[in-house]
Amino acid sequence: MDSKDLPLISAAEITPRAAYEERRQWLRLMASGAAGAALATWAGREAMAQAPGGGKLAKLPGARSAVAGSLVMDKPTSYQDASTYNNFYEFGTDKADPARTAGTLKTRPWTVSVEGEVGKPGVFDLDSLLKLSPMEERIYRLRCVEGWSMVIPWVGYSLAELIKKVEPTSKAKFIEFTTLADKAQMPGLRGGALDWPYVEGLRIDEAMHPLALLAFGMYGEVLPNQNGAPVRLVVPWKYGFKSAKSIVKIRLVEKQPTSSWTKAAQQEYGFYSNVNPQVDHPRWSQASERRIGEDGLFAKKRPTLMFNGYADQVASLYAGMDLKRNF
C-alpha cells in the first residue's frame, strides 16, 4: 500500500472506529516500509483530532502543508493553554493578561503596508492578504526565550509569497516588521515595558525561507486577539519574541533593523535569536524547556533542540557564522 491510498478525512469525520482503522493501516505501512511517506499525513490528522479550536471564532481551514519540516509529530498543546498563556505586552505583562484584556482589539478594518526597497510597494487590506495565497496548516514547535514551549497548528502561508509580490530590489537585505501601537485598544502601552511600537526584523534570506509563516489562524480558526490577530509572523526556529504579532507595516531595508528587545537589552536579546541550547541567556540556561500542558508532579523538562528541531531545514542559512557571537 502507498501513502496516497490512505483516504483523506476531516477531523470531524474521525470517529473512534475510523481512528482505529487508520491506526491499523499505519501499522501495515510500518511493516511494509512505506511509513515514511505517510508520517506527515498521519501527524496532521492526529493533530486535528487532538487539538480542536475553541469553537467560538470563524473557521479558517488550511490544506496540509507540503513544506519540509512544517508538520511536526509532537502532541499539540491544547487550544485552552495556547490561547490563555501568552506574551503580548501590549495587553499586559502577566501571561493571563492578553486573554483577559485583548477583547478591545479591533481587527477589522485592518491594513498592512509593505514599503521600502521594493518595486511594487502597496497597502494590503486583510481580505486581500487572505486571498493572496492558499491557506496551509503548519504544525510548529514554539520555543519561548523564557524556557517554555508549545506545539501549535497554525494556518497561513509562507511569508515569501507576500515578499515576492512586492518585488524586492537588490538593496533589500533585511525586513523590518512593525506592529500596532494604539493606546485606546492596547492597555499595556500605557506602561513602559518597551519602547513602542514593537519592532522585529529578519534577514531577507530568513524571511524568504518557506518555513517563515505569515499566520492568520490557529487550530482551524482565525487567530484570537491575544495570539496576534489578525495577522502575525511565525518563525519556528527562533525564540518566540521574533514572531511579531498584529503586524501593520513591513519595510524592506538595506541595513539591519533594531528589534525592540535588542534595543531594550542588547546583551540579552540578539538580532538573530535562533533557538540554541548551547548559548544560555545571561540569567538562565537554554539547554532544556518546559512544555506547557506537561506540568504534572513528575513531568520532566525536555532537552531543547538546535534551531528548535528545524536544523535540517535552516542550518544552511548560518553556514560559517559564529552562533555564540551572533546570538
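Me: Which residues form one aromatic cluster?
Reply: Phe 174, Phe 271, Tyr 272, Phe 307 and Tyr 318 form it. Rings of Phe, Tyr and Trp (its six-membered ring) pair if their centres lie within 6.5 Å; planes under 30 degrees apart count as stacked, over 60 as edge-to-face and the rest as tilted. This is a predicted model, in which local features need pLDDT of at least 70 and side-chain atom pairs count only at pLDDT 80 or more, while totals for chains, interfaces and linings use all residues. Residues are numbered from 1 along each chain as its sequence is written, and side-chain values use heavy atoms, with hydrogens and water left out.

Me: How many aromatic pairs does the structure hold?
Reply: Twelve aromatic pairs. One of them is edge-to-face: Phe 271 with Tyr 272, at 5.3 Å centre to centre and 85 degrees between the planes.

Me: Are those two buried or exposed?
Reply: Phe 271 counts as buried because its relative accessibility is 7%, and Tyr 272 counts as buried at 10%. Buried means under 20% relative accessible area, exposed over 50%, and partly exposed in between (1.4 Å probe, protein chains only).

Me: What about Phe 307 and Tyr 318, what kind of pair do they form?
Reply: A stacked one, 5.5 Å centre to centre with 15 degrees between the planes. Phe 307 lies in the loop between strand S13 (302-303) and helix H9 (311-314), and Tyr 318 in the segment after H9, so the pair ties together parts that are eleven residues apart in sequence. Both Phe 307 and Tyr 318 are buried. Helices (H or I, at least four residues) and strands (E, at least two) are DSSP runs, numbered from the N terminus.

Me: Which residue lies over the face of Tyr 310?
Reply: Arg 141, at 5.5 Å from the ring centre. Likewise, Lys 245 lies over the face of Phe 88, at 5.4 Å from the ring centre. A charge sits over a ring if NZ of Lys or CZ of Arg is within 6 Å of the ring centre and within 35 degrees of the ring normal.

Me: Next, Ser 246. Where is it?
Reply: Ser 246 sits in the loop between strand S10 (232-234) and strand S11 (247-253). Ser 246 counts as buried because its relative accessibility is 1%.

Me: What is Ser 246 in contact with?
Reply: Leaving aside neighbours within four places in sequence, Ser 246 has contacts with Phe 88, Leu 105, Trp 110, Thr 179, Leu 180, Gly 228, Ala 229, Val 231 and Arg 232. Contact means heavy atoms within 4.5 Å.

Me: And Leu 105, where does that lie?
Reply: In the loop between helix H4 (97-101) and strand S2 (111-116). Leu 105 counts as buried, at 5% relative accessibility. Not counting residues up to four places away in sequence, Leu 105 touches several residues, among them Phe 91, Trp 110, Met 186 and Asn 225. Leu 105 and Asn 225 are 120 residues apart in sequence and 6.6 Å apart in space, C-alpha to C-alpha.

Me: Switching to the backbone. Which residues does a cis peptide bond join?
Reply: Arg 108 and Pro 109, with omega about -5 degrees. Pro 109 is in the loop between H4 and S2. The bond from Trp 196 to Pro 197 is cis too, with omega near 0 degrees. Pro 197 is found in the loop between strand S6 (174-179) and strand S7 (199-203).

Me: Why bring those up?
Reply: Because most residues other than glycine have a negative phi, and most peptide bonds are trans.

Me: What is phi of Ser 273, then?
Reply: Near 50 degrees, a positive value in a residue other than glycine. Ser 273 lies in the loop between helix H8 (260-264) and strand S12 (288-291) and counts as buried at 4% relative accessibility. Asn 308 has a positive phi of about 60 degrees, and is not a glycine. Asn 308 lies in the loop between S13 and H9 and counts as buried at 2% relative accessibility.

Me: Last one, H6. Which residues are buried there?
Reply: In helix H6 (residues 159-166), Leu 159, Ala 160, Leu 162, Ile 163 and Val 166 are buried. They cover an arc of only 160 degrees around the axis, which puts them on the same side of H6. The arc is that of the directions from the helix axis to the C-beta atoms. H6 is followed by Glu 167, with a positive phi near 55 degrees.
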